[in-house]
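Let's take a walk through this structure, starting with its backbone and ending up inside. Have the model open and follow along.

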Amino acid sequence: MIGIVGGTHILEIEVLSEVEEVEVATPYGRAEVDVGTIDGINVALIQRHGKKKNKPPHKINHAANFYALKKLGANYIIGMGSVGSLRDDITLPAIIIPDDYIDFFSGVTIYSDSLTHITPGFDDDVRGVLIKVAKKLSKFPVIDRGVYFQTRGPRLETRAEIAMIKNFADCVGMTAGSEATIAKELNLKYAAICTMDNYAHGIKEERIDYREIVKKAGENARMCLEIVGEAVKVIWDDFYTGSEGSDP
Ligand code: HPA
């Protein structure tokens, strides 16, 4: 089983075949998961904003989502996200596969009652696959490293916030840092692929509007999904050794 956690991109797109909707009980709450296949490979998919689109970034139960994926047997997980570019030298749309993140604000953890301190980061194996496949398939420029700055949301950032954080990061979003932290805490292999759909507030003269960002993310979703679908196959071939299709 391979996991996909998607956001704005896949709210309107069918990703899996032979889908079954399951609700998974976890110590952190329940998670809604679609279990199905991509080219015959078992995939568990979570819509992080909820099927009813009612979970803003700061209300997402990342612990329940990732625990559910683990319980279903997904050890390798791909996150898909939409981000704003903090760099004015990148032509949009672009794809970025960040190699690090800053998340000072979410405070997410599954370790509220023990002294456990993971060393955070994205998984290099999953990143490597996403980079290889994106470079092969993407019609958009592919940025194969960069720092993801996570804001708390749901509001966009002020010009002053962007003027500050652009000195330390390449893109800004509201979820991938939290997901990477929880994945590491649960010993899951996770990396994110993001479409850069807009320039963050104040990076260019243009005004930004979330509805416009969602529209752009929708337009760029197919490219990202094509990469993710192929990445699922490569992860299966490279890392899942079960010769009869069994999960490790
Ligand atoms: N800021 C935060 N999150 C985002 C943005 C942005 O500009 N674009 C897409 N997700």
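Pro-154 sits in the loop that runs between β9 (147-150) and α3 (159-165). Look at how Pro-154 is joined to Gly-153: the peptide bond is cis, with omega about -5°. Keep in mind that this is a predicted model. Another cis bond leads from Leu-92 to Pro-93, with omega near 0°, and Pro-93 is in the loop between β5 (76-85) and β6 (94-96).

While we're on loops, check Asp-39, between β3 (29-38) and β4 (41-47). Its phi is positive, near 50°, though Asp-39 isn't a glycine. Asp-39 is exposed, at 59% relative accessible area. Lys-53, in the loop between β4 and α1 (62-71), also has a positive phi, about 55°. Lys-53 is partly exposed, at 48%.

Now head inside. Nonpolar side chains tend to be buried together in soluble globular proteins. Here the largest nonpolar core has 71 residues, and Val-33, Phe-66, Ile-78, Tyr-190 and Ile-193 have the most contacts inside it. Helix α5 (residues 210-239) gives the most to this core, 11 residues. Apart from it there's another core of 11 residues, including Ile-165 and Ala-200.

Finally, which way does α5 run against α2 (residues 124-137)? Their axes come within 9 Å and cross at roughly 130°, so α2 is oblique to α5. The crossing is right-handed. Among the residues meeting there are Val-129 and Val-133 from α2, and Ile-227 and Val-234 from α5. The contact is made of 12 nonpolar residues, six charged and no polar ones.

Methods. Residues numbered from 1 in each chain as written. Predicted model: local features only at pLDDT ≥ 70, side-chain atom pairs only at ≥ 80, totals over all residues. Heavy atoms only, no water. Core = buried A, V, L, I, M, F, W, Y, C linked by side-chain atoms within 4.5 Å. Buried < 20%, exposed > 50% of the residue type's maximum accessible area, 1.4 Å probe, protein only. Helix = DSSP H or I, 4+ residues; strand = E, 2+ residues; numbered from the N terminus. Axes fitted to C-alpha atoms, helices over the stretch in contact; angles between N-to-C directions. Parallel < 35°, antiparallel > 145°, perpendicular 65-115°, else oblique. Left-handed = near helix turned anticlockwise from the far one by under 90°. Contact = heavy atoms within 4.5 Å. Nonpolar A, V, L, I, M, F, W, Y, C, P; charged D, E, K, R; others polar.
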